[in-house]
Amino acid sequence: ATLSQTLTANLLLKKKNLRKEDGPYRFRVRDAPGINDWIGHELPFNVLSNEEESILQMSVPNVNADDVTCSVHLEWNEIDVTPKMCDFFEIQNDDLTIKGYEIQMRICSIGGSPWETIAPCFSGLQVRKKNLDRKSTYHFRLRPVFENASLLDRYESPFSMPSDVVIFHEHTISPGLLRLFNGIDQLLVNGGRSSAKVENSLGGPKGKVILLYASAHWCGPCRQFTPQLVQFYNRHHRKDLEIVFLSADHDEASFRSYYNTMPWNAIPYDSDVRQRLLSWIKVTGIPRLVVLNSNTGGILIDNVVGKPMDVKTWREQM
């Protein structure tokens with residue numbers, strides 16, 4: 001049966017009111033009648049009954065894309081063994097356990113690429129998938145893996161619905177901001193465990209807020225302020241905000257130990273750019289948190305430590 005001959009928007013169509021007793025089902029699609037071959041899927045599938053869906057299917061995993069590292073953070077809710085689940089499988093409660101979750105990924109393309117298992121039995125409730133292609137888009141899904149071998153032989157648990165589409169955005173950086181970091185190609189990220197290009201870390205849409213944080217481990221007020229700044233950063237950094245750490249520590253070992261507690265970017269300790277930026281913002285005392293105008297590379301607010309911090313207000317002032 002033809003569902004649509006005029007599908008144009010988003011390459012997406014939802015077919016409702018499918019019944020399990022009428023399955024299994026197959027679907028296929030082509031660009032235009034008589035021009036290209038049909039694109040379909042190899043195996044037929046069936047839908048869950050209302051009972052199976054309420055008992056067995058997991059909720060959709062949450063996905064957050066990191067444009068800087070081209071990675072995706074997935075997290076999901078734990079599925080519990082319930083009396084209804086045991087009754088459905090006709091198995092005793094003590095004999096039914098979930099040992100992990102199978103995680104699958106696919107590249108979104110016309111017709112859909114095959115699902116690929118990236119973790120056959122992952123025991124946690126969150127994971128990061130790294131080294132993805134910036135130019136591709138992705139879906140993720142998962143399902144529980146049962147411990148009971150006899151159950152696995154006669155029943156395959158259903159996957160969750162696919163996640164939201166993961167898209168990585170290309171970042172642009174203003175010439176003024178790029179000149180400010182002239183002399184350095186890479187910023188440290190993830191507590192110094194990896195690095196990223198300056199334009200990927202600091203680039204983004206017009207109005208992105210960039211903060212320079214001058215601080216040091218030997219400074220007591222800095223150690224008190226940094227945890228507060230971490231909370232602020234975790235609330236706002238996905239909303240077009242980034243921080244760059246300028247260390248005022250006396251040696252590299254202290255810098256590395258202190259930076260390991262921070263989730264934002266940092267200028268490498270041995271870089272001349274670190275010293276130049278500390279001089280440019282005229283540091284006479286720390287902690288110092290400078291708000292930059294990312295559109296021009298100039299200073300928007302000299303120091304916001306001890307003052308109200310409002311990303312929306314800063315963005316409006318640019």
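Two strands are taken as paired if DSSP finds at least two bridges between them. On that basis, this report describes the strand pairing, cores and selected local features of a predicted model.

**Overall composition**

The protein chain contains 9 helices and 16 strands. Of its 318 residues, 40% are buried. Among contacts with a separation of 6 or more, 61% are between residues 24 or more positions apart. The accessible surface of the protein chain is about 18700 Å², and carbon and sulfur atoms hold 47% of that area.

Four strands form an open sheet in the order β6-β5-β8-β9, with antiparallel pairing. Its edges are β6 (116-122) and β9 (166-167), each of which pairs on one side only. Strand β5 (residues 98-107) is joined to β6 by 4 bridges, and M105 has E116 of β6 as its bridge partner.

H139 belongs to strand β8 (residues 137-146). Is H139 buried or exposed? Its relative accessible area is 14%, and because buried means under 20%, H139 counts as buried. Leaving aside residues up to four places away in sequence, H139 touches Q104, M105, R106, C108, W115, P162, S163, D164 and V165.

**Strand β12 and its partners**

Strand β12 (residues 209-215) has 7 of its 7 residues buried, so the strand is largely enclosed by the rest of the structure. V209, L211, Y213 and S215 point one way, whereas I210, L212 and A214 point the other way. β12 pairs with strand β13 (residues 241-247) in the parallel sense and runs antiparallel to strand β15 (residues 288-293). The table sets these pairings beside two others, each with one residue pair.

| Strands | Sense | Bridges | Residue pair |
|---|---|---|---|
| β12 and β13 | parallel | 7 bridges | A214 and L246 |
| β10 and β11 | antiparallel | 4 bridges | Q186 and K197 |

The β10 and β11 hairpin has 4 residues between its strands, and N190 there takes a positive phi near 55°.

**Nonpolar cores**

In soluble globular proteins, nonpolar side chains tend to be buried together. Which residues touch the most other members of the largest nonpolar core? Within this core of 48 residues, they are F181, Y213 and W264. A second, separate core has 24 residues, including I91, I103, L132 and F146. Y213 of the largest core is also one of the buried residues of β12.

**Helix α7**

Helix α7 (residues 252-259) has F255, Y258 and Y259 as its buried residues. These three cover an arc of only 95° around the axis, and therefore lie on the same side of α7. The elements covering them include β10 (186-189), β12, α6 (220-236), β13 and β14 (265-266). Two of these elements, β12 and β13, also pair with each other. At the start of α7, a side-chain oxygen of D251 comes within 3.2 Å of the backbone nitrogen of A253.

Definitions and conventions:
Residues are numbered from 1 along each chain as its sequence is written. This is a predicted model: local features need pLDDT of at least 70, side-chain atom pairs count only at pLDDT 80 or more; totals for chains, interfaces and linings use all residues. Side-chain values use heavy atoms; hydrogens and water are left out. Helices (H or I, at least four residues) and strands (E, at least two) are DSSP runs, numbered from the N terminus. Buried means under 20% relative accessible area, exposed over 50%, partly exposed in between (1.4 Å probe, protein chains only). Contact means heavy atoms within 4.5 Å. A nonpolar core is a set of buried Ala, Val, Leu, Ile, Met, Phe, Trp, Tyr and Cys residues joined through side-chain atoms within 4.5 Å. Accessible areas come from the Shrake-Rupley method with a 1.4 Å probe; for residues, only the protein chains shown count as cover. The arc is that of the directions from the helix axis to the C-beta atoms. A polar contact is a pair of N or O atoms within 3.5 Å; within protein, one must be able to donate a hydrogen and the other to accept it, and residues adjacent in sequence count only if both atoms are side-chain atoms.
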